Amino acid sequence: MADCDICGVSRPTVCPVKVMVPHFAGAYPAGMWKGLCEACSKTTHDANSKKVEIGGGKCNLCKGKYSKLNKVMIKVPSFVKGSVDVENHICDSCLGSCAAMYKKKVADGILGGHGHGHEEKHCGAEEESHSEKKHQHH
Ligand SMILES: [Zn+2]
Ligand SMILES: [Zn+2]
């Protein structure tokens with residue numbers, strides 16, 4: 001099981017997305033892998049095409065400080081209400097990476113429900129992402 005890096009939900013697989021993490025730019029100049037559930041992949045993709053800009057602050061995904069962030073309403077599972085909308089603040093860079101990842105998954109027929117006969121495919125089984133993910137946990 002893996003936890004989504006945005007809403008925290010546990011999924012058998014999450015979609016890997018590479019984001020630039022300013023804090024670890026020295027150790028990981030090419031970015032670090034984060035895992036997003038399907039719902040958050042779609043939410044961030046939609047938010048990227050219809051941006052709601054807010055002021056500066058800390059990005060919820062890469063934890064970097066930016067002068068401009070985007071408001072993204074994330075549905076987080078709740079035992080009390082089923083789900084609650086939680087306001088997340090995500091930078092342009094992360095939002096772009098997430099949107100590109102979602103687009104690719106849809107094009108590959110893994111997400112978005114347009115695929116035929118791709119049921120056995122899982123998000124992000126690529127070799128590369130696995131080896132780098134291990135690295136990240138050291
Ligand atoms: Zn999520
Ligand atoms: Zn970010």
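**Reading around one residue**

Tutor: Let's start with Ile-90, which sits in strand β9; strands (E, at least two residues) and helices (H or I, at least four) are DSSP runs, numbered from the N terminus. Keep in mind that this is a predicted model: local features need pLDDT of at least 70, side-chain atom pairs count only at pLDDT 80 or more, and totals for chains, interfaces and linings use all residues. Residues are numbered from 1 along each chain as its sequence is written, while chains are lettered from A and ligands numbered from 1 in the order in which they are written.

Student: Is Ile-90 buried or exposed?
Tutor: A residue is buried if 20 or more other C-beta atoms, placed from the backbone, lie within 10 Å of its own, exposed if 12 or fewer, and partly exposed in between. Ile-90 has 26, so it's buried.

Student: Which strand does β9 pair with?
Tutor: Pairing takes at least two DSSP bridges between two strands. β9 (residues 82–90) runs antiparallel to β8 over nine bridges, and Ile-90 is the bridge partner of Asn-70. A hairpin of three residues links β8 to β9. β8 (residues 69–78) also pairs antiparallel with β5 (residues 53–54), through two bridges.
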